[in-house]
Amino acid sequence: MNDTTGLGDDVQLITLDVNGTSHEVISAPRRTLVDVLRHDLRLTGTHVGCEHGICGACTVLVDGLPVRACLMFAAQAEGARITTVESLADSGTGDLSDLQRAFTAHHGLQCGFCTPGFLMLAQGFLAERPEATKEEIREVVAANLCRCTGYQTIVEAIDACATARRSQRAMGAEEDSCN
């Protein structure tokens, strides 16, 4: 392959389903998912922190499950549904999701660097465990690092959102509200 973009000769065409949209990307096989999301697709909400899978700033959902995008090659995600933090807010109106509103209402963010990773971790966790207790939430959020909040407000925000979603389901309402 004749390559003028600096990728070298060892490139491949991959198709990624990101936030419900199909994207064709020419990438070296060893490029990480976080790099492709940020640099090729310009989805910069997914942050790069430690690049070792420890901090969780790069957490996205792959087929609904939280994954560290810095530890996954982009080519490994081909054929999977990738969901980034950009998908949480309404793309038409910009209205925040119930989870984002809960983080705001409960002061679950300070500097904001880790927030996208926590939001995606919580989104995936609550989809899998809608009846989660505060203790279970606390255990799950310990997987991500935050240097500002001390975690309590993050746990409170996720718990409030989970409680509101359960209440809304019990009432049969379609609109979720975590405030």
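User: Is C111 buried or exposed?
Analyst: C111 has a relative accessible area of 57%. The cut-offs are under 20% for buried, over 50% for exposed and in between for partly exposed, with a 1.4 Å probe and protein chains only. C111 is therefore exposed.

User: What pLDDT do local features need in this predicted model?
Analyst: Residues are numbered from 1 along each chain as its sequence is written, and side-chain values use heavy atoms, without hydrogens and water. The model is predicted: totals for chains, interfaces and linings use all residues, side-chain atom pairs count only at pLDDT 80 or more, and local features need pLDDT of at least 70.

User: How many disulfides are there?
Analyst: A disulfide needs a pair of cysteine sulfur atoms within 2.5 Å. The sulfur of C111 is too far for a bond, because the closest cysteine sulfur, in C148, is 3.8 Å away. C50 is in no disulfide either, with the sulfur of C55 nearest at 3.8 Å. The count is zero.

User: What is the relative accessible area of C50?
Analyst: C50 is in no disulfide. Its side falls in the middle class, partly exposed. The value is 26%.

User: At what angle do the axes of α2 and α3 cross?
Analyst: Helices (H or I, at least four residues) and strands (E, at least two) are DSSP runs, numbered from the N terminus. Axes are lines fitted to C-alpha atoms, for helices over the stretch in contact, with angles from 0 to 180 degrees between N-to-C directions. Helix α2 spans residues 98–105, and its axis comes within 10 Å of that of α3. The crossing angle is roughly 125 degrees.

User: Which class does that put α2 and α3 in?
Analyst: Angles under 35 degrees are roughly parallel, over 145 roughly antiparallel, 65 to 115 roughly perpendicular and the rest oblique. That makes α2 to α3 oblique.

User: Which residues of α3 make the contact with α2?
Analyst: Contact means heavy atoms within 4.5 Å. From α2 come L99, Q100 and F103. From α3 come T115, F118, L119, A122 and Q123.

User: What angle separates the axes of α3 and α4?
Analyst: Helix α3 covers residues 115–128 and helix α4 residues 134–141. Their axes come within 11 Å. They cross at roughly 135 degrees.

User: Which residues of α4 make the contact with α3?
Analyst: The α3 side gives F118, L121 and F125. The α4 side gives E136, I137, V140 and V141.

User: What is the relative accessible area of F118?
Analyst: F118 sits in helix α3. It touches F103, V141, N144, L145, C146, Y151 and I154, leaving aside residues up to four places away in sequence. F118 is buried, at 1%.

User: Which strands do the buried residues of α1 pack against?
Analyst: Helix α1 covers residues 33–40, and L33, V34, V36 and L37 are buried there. Their partners are β1 (12–18), β2 (21–27), β3 (59–62) and β5 (81–83).

User: What is the phi of H107?
Analyst: Most residues other than glycine have a negative phi. H107 lies in the loop between α2 and α3 and counts as exposed at 57% relative accessibility. Its phi is positive, near 55 degrees.

User: In which loop does E51 lie?
Analyst: E51 is not a glycine, yet has a positive phi of about 60 degrees. Its loop is the one between α1 and β3.
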